[in-house]
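I opened this notebook to keep track of what I looked up in one protein structure, going from the overall outline to single residues. The sequence and the coordinates come before the entries.

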Amino acid sequence: MTSDLPGRALAILEDFAATDVWRGPALTSEEAVADFVGHADAAVTLLANPVGATGLDRCPDLRVVANVAVGHDNIELEAARARGVWGTNTPEGLPDATADLTMAPSLAVTRCIVETDTFPRAGGY
């Protein structure tokens with residue numbers, strides 16, 4: 001895994017397979033991802049982790065790239081297919097967060113949440 005997973009996801013995976021989690025700076029180059037993944041059978045990646053032909057060639061045992069993201073723009077799907085590697089994503093992973101981030105600013109503006117908080121903190125009443 002190129003990053004920690006939310007909640008109990010890592011603990012659940014550890015019950016089924018040997019896992020290794022990258023805990024350093026984000027792996028943002030194809031070479032860095034390939035160096036970390038090495039001879040693993042599977043990689044759990046984020047959208048910031050590029051997986052392309054060059055990296056796939058350096059990971060001959062890789063069979064699946066499970067992307068923890070709605071999209072899969074970081075995976076060169078044709079290169080993966082040509083090597084028999086599955087690429088997946090989590091299309092239903094963010095609807096609640098998207099809704100929250102849409103509604104929160106709307107409510108803050110229409111209900112003057114920021115002003116209502118800062119006025120008394122500044123000594124007003």
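The entries below follow the order in which I looked things up.

**Conventions.** I am working with a predicted model, in which local features need pLDDT of at least 70 and side-chain atom pairs count only at pLDDT 80 or more, while totals for chains, interfaces and linings use all residues. Residues are numbered from 1 along each chain as its sequence is written, and side-chain values use heavy atoms, with hydrogens and water left out.

**Overall outline.** I listed the secondary structure and found 6 helices and 3 strands, where helices (H or I, at least four residues) and strands (E, at least two) are DSSP runs numbered from the N terminus. Read from the N terminus, the elements run α-α-β-α-β-α-β-α-α. I then looked up the dimensions: the C-alpha trace spans about 65 × 30 × 25 Å along its principal axes. The radius of gyration is 20 Å, whereas a compact globule of 125 residues would have one near 14 Å; this radius is taken over C-alpha atoms, and the globule rule is 2.2 Å times the number of residues to the power 0.38. Of the 125 residues, 25% count as buried, on a scale where buried means under 20% relative accessible area, exposed over 50% and partly exposed in between (1.4 Å probe, protein chains only). Among contacts with a separation of 6 or more, residues 24 or more positions apart account for 27%, a contact being heavy atoms within 4.5 Å.

**The sheet.** In which order do the strands of the sheet stand? I noted an open sheet of 3 strands in the order β1-β2-β3, with parallel pairing, where two strands pair if DSSP finds at least two bridges between them. Because β1 (42-45) and β3 (86-88) stand at the edges with a single partner strand each, one side of each is left without a neighbour in the sheet. Neighbouring strands are turned by 10° against each other on average, direction ignored, with axes as lines fitted to C-alpha atoms, for helices over the stretch in contact, and angles running from 0 to 180 degrees between N-to-C directions.

I went through the pairings one by one. β1 and β2 pair over 4 bridges in the parallel sense, and Thr-45 has Asn-67 as its bridge partner in β2. Between β2 (residues 64-67) and β3 I found 3 bridges, also in the parallel sense; here Gly-87 is the bridge partner of Val-65, and Ala-66 stands opposite Thr-88. The covered face of β2 holds Val-65 and Asn-67, while Val-64 and Ala-66 are on the uncovered one.

I looked up Asp-61, which lies in the loop between α3 (53-57) and β2. Leaving out residues up to four places away in sequence, Asp-61 touches His-39, Ala-40 and Asp-41. From Asp-61 to Arg-8, 53 residues apart in sequence, the C-alpha distance is 27 Å.

**Aromatic rings.** How many aromatic pairs does a search of the whole structure find? The search gives 1 aromatic pair, with rings of Phe, Tyr and Trp (its six-membered ring) counted if their centres lie within 6.5 Å, and with planes under 30 degrees apart called stacked, over 60 edge-to-face and the rest tilted. The pair is Trp-22 with Phe-36, edge-to-face at 5.5 Å centre to centre and 70° between the planes. Trp-22 lies in the loop between α1 (9-14) and α2 (30-37) and Phe-36 in helix α2, so the pair ties together parts that are 14 residues apart in sequence. Trp-22 counts as partly exposed because its relative accessibility is 28%.

**Helix α5 and what follows.** I checked α5 (residues 95-110), whose 16 residues reach 23 Å from first C-alpha to last, close to the 22 Å expected at 1.5 Å a residue; that expected span is 1.5 Å times one less than the number of residues. Thr-110 belongs to α5 and is exposed because its relative accessible area is 56%.

Most residues other than glycine have a negative phi. Cys-112, in the loop between α5 and α6 (113-121), has a positive phi of about 55° although it is not a glycine. At 38% relative accessibility, Cys-112 is therefore partly exposed.
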